[in-house]
Amino acid sequence: MKPLFAVLFDLDDTLIDRQSLIPEHLRELDGRGHAPRAPFFASWPQPMDQGRFTHWLCGQLRPNPELLALLARLENKALISNGGGETQRAKLRAAGLDQVFSPEHIHISGELPWAKPDARIFWHACRRLEFEPRHCFYLGDHLEIDGVGAREAGLTFVHVEQPLTAQRLEQVLSR
């Protein structure tokens, strides 16, 4: 019997705690990864560009075994993330998330013709899972990007105010 719903996830500040890894004095310039990159990179004490930043950030990430175990048990799940494919996939590997999401259910805007909040990236992920959007939940941290896009596509949006732990994910799933 097919499960009744599928769960789709954002990556940054939903499954990984990206924001807390950024030095506090640079967070405003980072704009949660959405601000122009040149001023952000120029403010680092050492030379910084996207490649160096990805390497630095991935060096800070650690897998969360309890969250990974819970995600591994979810049958119908996908990930939708904005960003460059190389950067997002490096973060997935560093956090161990590449082990719990099937490659065909990882949807990164830099590898597709759409980015959140465009509803088409959500529809694409739902089609790949073989679920109607109305039977899908999208968990994300950004109301204007994740929330608007998911709702426009017909998914139920669940706002994640802090990066997920296994306990928080259990609470969301039990609703």
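In helix α5 (residues 65-73), the buried residues include Leu67, Leu68, Leu70 and Leu71. Here buried means under 20% relative accessible area, exposed over 50%, and partly exposed in between, with a 1.4 Å probe and protein chains only. Seen down the axis of α5, the buried residues fall within an arc of 165°, so they line one face of the helix; the arc is that of the directions from the helix axis to the C-beta atoms. An α-helix has 3.6 residues a turn, so residues three or four places apart point the same way. On the other side of α5, Pro65, Glu66 and Arg73 are exposed.

What covers the buried face? Among the elements over the buried residues of α5 are β1 (6-9), β2 (77-81) and α9 (166-173), where contact means heavy atoms within 4.5 Å. At the start of α5, a side-chain oxygen of asparagine 64 comes to within 3.2 Å of the backbone nitrogen of glutamate 66.

## How to read the model

This is a predicted model, in which local features need pLDDT of at least 70, side-chain atom pairs count only at pLDDT 80 or more, and totals for chains, interfaces and linings use all residues. Residues are numbered from 1 along each chain as its sequence is written, and side-chain values use heavy atoms, with hydrogens and water left out. Helices (H or I, at least four residues) and strands (E, at least two) are DSSP runs, numbered from the N terminus.

## Salt bridges across the chain

The whole structure holds 10 salt bridges, each a side-chain nitrogen of Lys or Arg within 4 Å of a carboxyl oxygen of Asp or Glu. One of them joins arginine 89 and glutamate 111 at 2.8 Å, N to O. This pair links distant parts of the chain, 22 residues apart: arginine 89 is in helix α6 (residues 85-94), and glutamate 111 is in the loop between β3 (106-108) and α7 (119-129). Arginine 89 is partly exposed at 27%, and glutamate 111 is partly exposed at 40%.

Aspartate 146 and lysine 116 also meet in a salt bridge, at 2.7 Å, N to O. Aspartate 146 lies in helix α8 (residues 143-153) and lysine 116 in the loop between β3 and α7, 30 residues apart. Aspartate 146 is buried, with a relative accessible area of 1%, and lysine 116 is buried at 7%.

## A further pair and a network

Arginine 120 and aspartate 118 form a salt bridge of 2.6 Å, N to O. Arginine 120 is partly exposed at 42%, as is aspartate 118 at 23%. Elsewhere, salt bridges with shared partners join Asp10, Lys116 and Asp146 into one network.

Conventions: Polar contact = N/O pair within 3.5 Å; in protein donor to acceptor, adjacent residues only side chain to side chain.
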